[in-house]
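Dear colleague,

Please find below the sequence and the structure that I am handing over to you. My notes on what was found follow directly after them.

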Amino acid sequence: HAAAAAAAAAAAPPQPPSGARERSFSEAIAEAHAVALRSDPRVVVMGEDIGEMGGVFQCTAGLTSEFGARRVIETPISEACIGGCAVGAAATGLVVPIVEVQIMDMVTLMMDNVVNQAAKWRLMLGGEAQRDAEGRSVSMPIVIRGPQGGGHRLSAQHSQSLEAWFTAVPGLKVVMPSTPHDAKGLLLAAVRDPNPVIFLEHKNLYQLPRSHVPDGDYEVPLGVASILREGTDVTLVATSNMVHEALKAAGRLAARKEQPVSVEVIDPRTLWPLDEATILDSVQRTSRLVIAHEAPRRGGWGGELLSVVQEKAFDYLDAPITIVAGRGCPPPHKA
């Protein structure tokens, strides 16, 4: 566990130097696209309105002018078409697609390609699905990314948090960044992973204040959590936008004049593969765990983490594990 904690600390966003280079979440995503396109000629970006418009949330801004329409591909308004083209292209080993789903709720229309094809391709063919033009063994190098979550009054069909669907499918990796620094580094790591990766971005993160993002090429490894605030009384594991709410809550609890609470805040960053060791090490030190995510509690990812900790760290717990999550109903129109 000590080694895992050290790895998590090493992968945490570095403290920015004075006058550090700052970017928004959208700008960090756009930079990651550009770095990936420059560094690997197989990479293409596909999606609706991603060309001159730069995407609804400007995550592909400026790409068409540098890379042209053959590598920044405007697709029809058909997620089923996009999914089929991207998965088929990735299966050849000659193309590494980054697919932008304009609103992640619409991924429902490409789920057959994602769940029944992309996730199972390598597993069905013994890990040697095909070889690319340079003879390298590859499997299903594809990233499917886009915005999810509520808070923008976009109605029930455009405000869901669907990460638990994907974590339940063997063969998929699931990433949920919470900062511009991690968004860029995780996206580059995802593009270079030979497996299909689902990359989920909460809409509220696009409105974060600009923060430190290094120039050039760097990766944040998949499967390594980040301890964003150290504490001794309780471990709080939060995902995506809820990371920022967790940090606010931890600050308020620490500032209480009577019975202040020291909260350790952990961002898992990738829900699968999950950095169990860092979370378990924290729980063993604090003896308490709270899990926070926006998705409904019923069937949510928090239940999976609860089962892991209950099974592997039960003797260390001094209180029941608590999950703070969304209500079990569709998001209201005004949410």
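Arg 145 counts as buried because its relative accessibility is 0%; buried here means under 20% relative accessible area, exposed over 50%, and partly exposed in between (1.4 Å probe, protein chains only). This is a predicted model, in which local features need pLDDT of at least 70 and side-chain atom pairs count only at pLDDT 80 or more, while totals for chains, interfaces and linings use all residues. Residues are numbered from 1 along each chain as its sequence is written, and side-chain values use heavy atoms, with hydrogens and water left out.

Salt bridges

The side chain of Arg 145 meets that of Glu 201 in a salt bridge at 2.6 Å, N to O. The term denotes a side-chain nitrogen of Lys or Arg within 4 Å of a carboxyl oxygen of Asp or Glu. Glu 201 belongs to strand S9 (residues 197-202) and Arg 145 to strand S7, so this pair ties together parts that are 56 residues apart in sequence. Helices (H or I, at least four residues) and strands (E, at least two) are DSSP runs, numbered from the N terminus. Both Glu 201 and Arg 145 are buried.

Arg 145 also forms a salt bridge with Glu 100, again given as 2.6 Å, N to O. This pair links distant parts of the chain, with Glu 100 in strand S4 and Arg 145 in strand S7 (residues 143-148), 45 residues apart. Glu 100 is buried, with a relative accessible area of 6%.

A further salt bridge joins the side chains of Arg 42 and Asp 40 (3.0 Å, N to O). Arg 42 counts as buried at 19% relative accessibility, and Asp 40 is buried with a relative accessible area of 18%. A network of salt bridges links Arg 21, Arg 23, Glu 31, Lys 184 and Asp 215. Over the whole structure, the search finds 17 salt bridges.

Which residue is buried yet has no salt bridge? It is Glu 163, for which the nearest side chain of opposite charge, Lys 203, is 11 Å away; Lys and Arg count as positive and Asp and Glu as negative, whereas His and the chain ends are not counted. Glu 163 lies in helix H7 (residues 163-167). Leaving aside residues up to four places away in sequence, Glu 163 touches Gln 148, Met 176, Leu 200, Leu 271, His 293 and Ala 295, where contact means heavy atoms within 4.5 Å.

Lys 203 is found in the loop between S9 and strand S10 (211-212) and counts as buried at 1% relative accessibility. The C-alpha atoms of Lys 203 and Ile 103 are separated by 9.4 Å, although these residues are 100 residues apart along the chain. Ile 103 has its place in the loop between strand S4 (96-100) and helix H5 (111-118), and is buried with a relative accessible area of 11%. Ile 103 and Gly 146 are 6.2 Å apart in space, C-alpha to C-alpha, and 43 residues apart in sequence.

Sheet and helix

An open sheet of 5 strands runs in the order S11-S13-S12-S15-S16, with mixed pairing; two strands pair if DSSP finds at least two bridges between them. Strand S11 (226-229) and strand S16 (322-326) stand at the edges with a single partner strand each, so one side of each is left without a neighbour in the sheet. From one strand to the next, the twist averages 25 degrees; axes are lines fitted to C-alpha atoms, for helices over the stretch in contact, and angles run from 0 to 180 degrees between N-to-C directions. Strand S12 (residues 234-238) and strand S13 (residues 263-267) run parallel and are joined by 4 bridges. Within S13, Glu 264 is the bridge partner of Thr 235.

Helix H8 (residues 180-191) has 12 residues and reaches 17 Å from its first C-alpha to its last, close to the 16 Å expected at 1.5 Å a residue; the expected span is 1.5 Å times one less than the number of residues. H8 is mostly covered, with 12 of its 12 residues buried. Among them are His 181, Asp 182 and Lys 184.

The chain as a whole

The protein chain has 11 helices and 16 strands. Buried residues make up 53% of its 335 residues. Of the contacts between residues at least 6 apart in sequence, 82% join residues at least 24 apart.

With kind regards
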